[in-house]
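Thank you all for coming. I would like to walk you through one structure, slowly and in order, so please keep the picture in view as I talk.

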Amino acid sequence: MLLIFFAMLFGIPNSSPWFGLVFVYLMAAALFIVGSMLWSALRSRRAALALGRMPPTRALHTREAKALEWFGQPGRIVWRMPRGNVIDLIKATRAAGSRPVVRTLRGPYRVMVRARHHERHDFIGDVEVLMLPGADRYLRENNEADVLLCGRFAVVLALNGAWRIDQAPSLLR
């Protein structure tokens, strides 16, 4: 897109009546970029709302809540999500409600990287998930994850019956 823009900008003389196409192309490209960003955000939000309407699988175990608190301590890894927002896992657990419930999420895993490796977004199905250390080793083509829904993203608590969040702190010690 950028190459075409520069070709039009430098290839069409500014005195030509066709020079206006440069600005039309620029506006169309900007609308396309903004539209794709909005579409992606809406799709992610709709997927999280759909997951929230699904019946819960079980209640959050105390060992999982303790592991979330362990990861949420300030001295631990800084968890980042879209646009560089830092996630406080303790607040996320509280935001999930007074009685947090676990839901099952099924689907393929995909990664979307923006800003040249700086903003990594992990998705299972269409729901954005926070993958804690060690979980990525147990990913498959189709995944089944127990997740805690925290607004527009979900924290993976168990993945494919092989990884659990309460085992993850031992990987970082």
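I will go from the overall layout to the cores, then to one residue inside, and finally to the salt bridges and the surface.

Please keep in mind that this is a predicted model, in which local features need pLDDT of at least 70 and side-chain atom pairs count only at pLDDT 80 or more, while totals for chains, interfaces and linings use all residues. Residues are numbered from 1 along each chain as its sequence is written, and side-chain values use heavy atoms, with hydrogens and water left out.

The protein has five helices and nine strands, where helices (H or I, at least four residues) and strands (E, at least two) are DSSP runs numbered from the N terminus. Read from the N terminus, the elements follow the order α-α-β-α-β-β-α-β-β-β-β-β-β-α. Of its 173 residues, 38% count as buried; buried means under 20% relative accessible area, exposed means over 50%, and partly exposed lies in between, with a 1.4 Å probe and protein chains only. Among contacts (heavy atoms within 4.5 Å) with a separation of 6 or more, 59% are between residues 24 or more positions apart.

Now to the interior. In soluble globular proteins, nonpolar side chains tend to be buried together. A nonpolar core here is a set of buried Ala, Val, Leu, Ile, Met, Phe, Trp, Tyr and Cys residues joined through side-chain atoms within 4.5 Å. The largest one has 33 residues, and those touching the most other members are Leu 132, Val 155, Val 156, Leu 159, Trp 163 and Ile 165. Strand E8 (153–159) is among the elements that give two or more residues to this core, and the largest share, six residues, comes from E8. Another core, of five residues, lies apart from it and includes Phe 5, Met 8, Ile 12 and Phe 19.

Is Asp 122 buried or exposed? Asp 122, which is found in strand E5 (residues 119–124), is buried, with a relative accessible area of 10%. Its side chain makes a polar contact with the side chain of Tyr 109 at 2.6 Å; a polar contact is a pair of N or O atoms within 3.5 Å, where, within protein, one must be able to donate a hydrogen and the other to accept it, and residues adjacent in sequence count only if both atoms are side-chain atoms.

Next, the salt bridges, each a side-chain nitrogen of Lys or Arg within 4 Å of a carboxyl oxygen of Asp or Glu; the count comes to six. Asp 166 pairs with Arg 63 (3.4 Å, N to O), and, because Asp 166 lies in the loop between strand E9 (163–164) and helix H5 (169–172) while Arg 63 is in helix H3, the pair ties together parts 103 residues apart in sequence. Asp 166 also forms a salt bridge with Arg 164, with the closest N and O atoms 3.1 Å apart. Glu 144 and Arg 106 meet in another (3.5 Å, N to O), linking strand E7 to strand E4 across 38 residues.

Finally, the surface. Met 1, Phe 32, Ile 33 and Met 37 form a nonpolar patch there, with about 430 Å² of accessible area together. Patches are made of residues with over 30% relative accessible area and no salt bridge, like charges being joined within 9 Å and nonpolar side chains (Val, Leu, Ile, Met, Phe, Trp, Tyr) within 5 Å; areas come from the Shrake-Rupley method with a 1.4 Å probe, and for residues only the protein chains shown count as cover. Ile 33, in helix H2 (residues 20–53), is partly exposed at 43% relative accessible area.
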